[in-house]
Amino acid sequence: PNGAGKTTCFNLLSKFLTPTNGTIKYEGQDVTDLPPATIARKGMVRSFQISAVFGSMSVLENVRLSLQRRIHGRSFDFWRSVKCLHALEDDAVSLLEEVGLADFLHARAADLPYGRKRALEIATTLALDPQLLLLDEPLAGMGQEDIGRPSDLIKRVGQSRTVLMVEHNLSVVATLSDQITVLARGAVLAEGDYAAVSKNPAVIKAYIGEPHDTYD
């Protein structure tokens, strides 16, 4: 349910919030006090509920920038010729094809409708080649006709890495999830596969509420 603490969990993992107690471990290492940029370089990369794209850049340039960080491994490449970036374009185009944006390569990111901005953010996130991918409602705002391709992509990339995703579309949850955790008021309410969790009385109560008595 809304307000259960899902985004707060993501903010703690990616260090946009600092925990008041306890520790956060990633790959066996205590990362509690590391800054967000260091967390990302270690392979834990997240997307946000609000699309985070560079609006003045083209769709292709957004993805190419993420690939540039992955391949060159450093940020200070401003003295290099722009021609060196052309080697990244095939990979960028391939990612954009996978999320259904092949027809928008040279469009300004700011001009995309909301659902396509979400697809672009998935592409830029995957371009960083994360080992732990945190997706906060990645399909929110997309029409039903647009969900299929990004959903299939998330399923494919989940074969070789861990994907932790917040999602309310139950058909997507049923299709993609191996393990489901339901939160309510900051606490774990239920865990398991979709068949078990979807029939859990506590989960049904949290989402729908309790039935009221009726009288003739």
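**Strand pairing and nonpolar cores in the predicted model**

In the predicted model, D136 stands opposite V166 of strand β5. This placement belongs to the pairing of strand β4, which spans residues 132–136, with strand β5, which spans residues 162–166; the two run in the parallel sense and are joined over five bridges. Together with helix α6, formed by residues 144–157, β4 and β5 make up a β-α-β unit of right-handed sense.

The largest nonpolar core comprises 29 residues, among which V63, L96 and L120 touch the most other members. At least two residues of this core are supplied by each of α3 (59–72), α4 (89–98), α5 (114–127), β4, α6 and α7 (170–176), and the greatest contribution, six residues, comes from α5. When neighbours within four places in sequence are left aside, L96 is found in contact with V59, L60, V63, L101, A102, L105, L120 and A123.

Considered over its whole length, the protein contains nine helices and seven strands, and 37% of its 216 residues count as buried. Of the contacts between residues at least 6 apart in sequence, 61% join residues that are at least 24 apart.

Definitions and conventions: Residues numbered from 1 in each chain as written. Predicted model: local features only at pLDDT ≥ 70, side-chain atom pairs only at ≥ 80, totals over all residues. Heavy atoms only, no water. Pairing = 2+ DSSP bridges. Helix = DSSP H or I, 4+ residues; strand = E, 2+ residues; numbered from the N terminus. Right-handed = clockwise from strand over helix to strand, strands pointing away. Core = buried A, V, L, I, M, F, W, Y, C linked by side-chain atoms within 4.5 Å. Buried < 20%, exposed > 50% of the residue type's maximum accessible area, 1.4 Å probe, protein only. Contact = heavy atoms within 4.5 Å.
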